Amino acid sequence: MRYLLRRFLHAAILLAGASVLAFLFTSLAPGNYFDEMRLNPQISSETLRALKAHYDIDKPLAVRYAVWLKSLANGEMGYSFAYNAPVEPLLLVRARNTLLLTITSTLLAWFIALPLGVWSAQYSGRWVDRVVTGASALLLVIPDIALGLGLLIFAVRTRWLPTGGMVSVGSEAMPFAAQWWDLLRHMILPVAILVLGAQPVLVRHVRSAVAEALEEGFVRAAAAHGIPRRRLLWRYALRAAANPLISLFGFSIGVLLSGSLLVEVITSWPGLGPFLLEAILARDLYVVIGGVLLSTVFLVGGNFIADVLLFWADPRIRTE
Amino acid sequence: MEVLLVAENLVKEYAPRRLRGAGGVVRALDGVSVEIRAGARVGIVGASGSGKSTLALCLACVARPDSGAIRFLNRDLAQVDESELREIRPLIQLVFQDSAGAFNPKFTVGEVLEEPWILQRKLNPAERRERAADLLERAGLPGNILGRMASDLSGGQRQRLAIARALALQPKVLILDEALSALDYSVQAQIANLLLDLSDKAVPAAERPAVVLISHDLAMATRISDEIVVMQGGRIVERGSPEKIVHAPEHRATRELLVCTSGVSAEFDQRPAV
Amino acid sequence: MELLLDVQNLSVRYRPPGGVDVFALQGANLQIAVGQIVGVMGESGSGKSTLAASVLALLPVNGTIDAGAVVLQGTNLLELEASELERVRGSNVSLIFQEPGVALHPMMRVGAQIEEVLRAHGAESKGERRRAVGELLDLIFGGEAGRIYFSYPHQLSGGQRQRIAIAQAIVCKPKLLIADEPTASLDSVTRREIVELLKKLQRERGLAILFITHSAELLEGFADRIVVMYAGQIVEEGDATRVLKTPRHPYTEALLKCRPMLLGSEDVRKPERIPVIAGEAPDLSARSKGCAFEPRCAERMKVCCEREPELFEIENDGTVRCFKFGS
């Protein structure tokens, strides 16, 4: 129990630190949102000064941070200059879109990688293993962007899949079921790119963890007691391989918000990634900070979930 | 003979990963006092959990006792400053049971032997090589293995290498924690003879270390020691010469060890009610 | 006595990748009767562990059985399919290893691990399994059985873990237990306790035991017969008491002399240096023409390096592989 509390405290401190750093770095970057406007001769410098004052941009860093913290306590994350609206609704909608993609693809990726890795470890050295390892190596070598663009071209040429966006034009007018089907069709391409991109790393880790577990003394001893092969594999080896895989899973959760930027841009998926990118370029301060913080929550949260899972899975950690 | 290493009233506790329901702290050492003189051969015996390995670790300055003092050549090791401790540590060497883990698997035999001198920044390369060959001879290893990987050696050879490395810095005390237990009997005999040779009266005093053998094997301990110390439950329960321990054991723990150990004939086999 | 296990002319070779073949076992013959305790004495490299693993066809990937048969009450185990072998292991013949800490799954409670063996071999319900395991633990651990059932391996001592391994091995009531150096990593008191436990199991369940060790003293008062192995061959076999008191093969004699014995009235520390066996352990990748022990033998004769001795019979008590007893 103390172990978990320690990890939680650790996570909380990380989060606080991340927020400070995010604030610091974005504010330290030269310029601000309104610098663009300066180039426009139609806007007078008084207007600019008034705007800046209104948005507190001329106040010192510490003050701005304190104000932001206070509004965070109220559940608000600041104000977007570009959209002229509070930040959280904007962010949360985009985050939801991203999560739709990433949760689906993460689950699918693990669902495919686990049996492939176990299978590969079981027949280590034989043709099954060679095919799986070879395919993984090939996928690893192909850069994500090439993979994405390749699949995009495929979609365009065959016209089987929509080539971008999250929903078709005029989808609100469709009946409920049709709307869901439309969404699903749009998801196929980005999810495919994400799953294929994640496979090599996952499969390799599963394979090596299981292969190592199969060499362990207790597997040999269990075989000597007549425990059948399948049970040895799934109940003994996989369970012992859990530790490194749980850490990896925690990492998968950690990048749920931040790992899909490239794919979202290629497939024009209205997710958090492109939105944040735009905000960074436009110096939309509070959007950027809010986005970074949200991503950090997931990263830290993912680690913490991994800690909790490890605690549950490994009795040696529990009885420390 | 001068007193080299003294442990006074050592106490060490730790909280083990106990069975569910059985909690609390364990006193690995519960007021242990022991004296090692120059040139002595001491055997510390006991069952597992008796505290003998903890004692070895404390004597070798690897672990710190919770209370009590350890004195080396009359200097209290808890009061001594870091630089003096650095001088003292090489004079008390420890050899473990499983030397497979004691060497860097990527090192050759020569590198293993020269490492202590390199770390202590003594001797130039030529002197090191010469001394390394010399150590091999003392440890009964053939000179041509200097280039072989340490991990390629057999169990007995590895233990000899561990002892050779321990001798590199000319220690005054050589502590062996179950260093013979995992070996075949013929190999154990060879290593035991090696220890006897190293600590023989004929060897000049500067090169002759005091030998402390920690073991659960009372037979081996009595063979190579001049004094036996029996431990149980973190305490010393009996001390004496090997003859006395074997022929007139007083404590129950000693009798139990006698019965359970090598080559005891049937007349000893009246297991005390434990 | 009814024959339980008959190992016939078993030869095993290891083929390490990129290295020379090692002839770990050469023509081994061994018989175990029902309820009999046979001790196998030997040092590292003698082939004793290979023998143990071969009986249940549990050799590592680079080991091959070149020749021979392992007949368990009429069935040659080496000719069985993998699934049939799985049925034999743990239920007719069990095997326990040297390092109990490594032989148990670190993340499963020990009670559950014993249940797994039952589950693999029987169709009992979960409740029945739990009861059977509970009874067995009561037998082995007495009062502490309840707490131990729910423990994890890392919470137990070495001796307790080995007892759990024994429980796993006997829960399906096998007829033969093969114990490969089960006490090597335990202290002397615990070793005796484990041996006493095995004696009890043999008495109460008629369990035959093949006990492999390099510690001769454990076999005293325990084994019925002793087999001595050297360089992959059996060099002596006979009644246990006789082998330990008056060994015939020069190797057995030399080996027994290497022990730092404590005897009743003799001076415990004479001779000052413990007798050793001269020379080095044999290289198993080269098959020598003569006797494998000849280079180190104090009693070697001219014929010993010319031909390999067979196992010569001694009048109604065992065999010896030495030209001193035959030609």
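Two residues are in contact in this tour if their C-beta atoms, placed from the backbone, lie within 7 Å. The structure on display is a predicted model. For the complex, the predictor gives an ipTM of 0.86 and a pTM of 0.85.

**Stop 1: B:Leu176**

Please select B:Leu176, which belongs to strand 7 (residues 173-177) of chain B. Is B:Leu176 buried or exposed? With 26 other C-beta atoms within 10 Å, B:Leu176 is buried, because a residue counts as buried when 20 or more such atoms lie within that distance. Next, display B:Val95, B:Leu213 and B:Ile214: these are the contacts of B:Leu176 once its neighbours within four places in sequence are left aside.

**Stop 2: strand 6 of chain B**

Now select residues 92-95 of chain B, which form strand 6. Both faces of this strand are covered. B:Ile92 and B:Leu94 are buried on one side, and B:Gln93 and B:Val95 are buried on the other. Strand 6 of chain B runs parallel to strand 7 of chain B, and four bridges join the two. To find one residue pair in this arrangement, select B:Gln93 together with its bridge partner in strand 7, B:Leu174.

**Stop 3: helix 9 of chain A**

Move to chain A and select residues 217-224, helix 9. Which residues of this helix are buried? They are A:Phe218, A:Ala221, A:Ala222, A:Ala223 and A:Ala224. Within chain A, the buried residues of helix 9 pack against helix 10 (229-240); in chain C, they pack against strand 6 and helix 3. Just after helix 9, A:Gly226 may be selected for its backbone, which takes a positive phi of about 90°.

**Stop 4: the side of chain C that touches chain A**

Display chains A and C together. Here 26 residues of chain C are in contact with 17 residues of chain A. On the chain C side, the elements that give two or more residues are helix 2 (82-88), strand 6 (93-96), helix 3 (100-103), helix 4 (110-121) and helix 7 (158-170). Helix 4 gives the most, with four residues. Coloured by class, this side of chain C shows 13 nonpolar, eight polar and five charged residues.

**Stop 5: chain C as a whole**

The mean pLDDT of chain C is 88, and 97% of its residues reach 70 or more. Its secondary structure comes to 11 helices and 12 strands. The radius of gyration is 21 Å, close to the 20 Å that the globule rule gives for 327 residues, so chain C is as compact as a globular protein of that length. Along the principal axes, its C-alpha atoms fill a box of roughly 65 × 50 × 45 Å. Of the 327 residues, 51% count as buried. Among contacts in chain C with a separation of 6 or more, 63% join residues 24 or more positions apart.

**Stop 6: the two domains of chain C**

Colour domain 1 (3-92 + 174-276) and domain 2 (103-171) of chain C separately. Their C-alpha centres lie 26 Å apart. Where the domains meet, 13 residues of domain 1 are in contact with 11 residues of domain 2. Which element gives the largest share of the domain 1 side? Helix 8 (residues 188-205) of chain C does, with five residues. By class, the domain 1 side has eight nonpolar, four polar and one charged residues.

**Stop 7: the sheet of chain C**

Select the eight strands of chain C that form an open sheet with mixed pairing, in the order 6-7-8-3-9-10-12-11. The edge strands are strand 6 and strand 11 (312-313), each of which pairs on one side only. Further in, strand 9 (residues 225-230) and strand 10 (residues 233-239) run antiparallel and are joined by six bridges. C:Met229 stands opposite C:Ile234 in strand 10.

**Stop 8: C:Gly122**

Finally, select C:Gly122, in the loop between helix 4 and helix 5 (126-141) of chain C. With 14 other C-beta atoms within 10 Å, C:Gly122 is partly exposed. The C-alpha atoms of C:Gly122 and C:Ala216, 94 residues apart along the chain, are separated by 37 Å.

Methods
Residues numbered from 1 in each chain as written. Chains lettered and ligands numbered in written order. Predicted model: local features only at pLDDT ≥ 70, side-chain atom pairs only at ≥ 80, totals over all residues. Nonpolar A, V, L, I, M, F, W, Y, C, P; charged D, E, K, R; others polar. Buried ≥ 20, exposed ≤ 12 C-beta atoms within 10 Å, placed from the backbone. pLDDT = per-residue confidence, 0-100. Pairing = 2+ DSSP bridges. Rg over C-alpha atoms; globule rule 2.2 N^0.38 Å. Domains from an automatic or database assignment.
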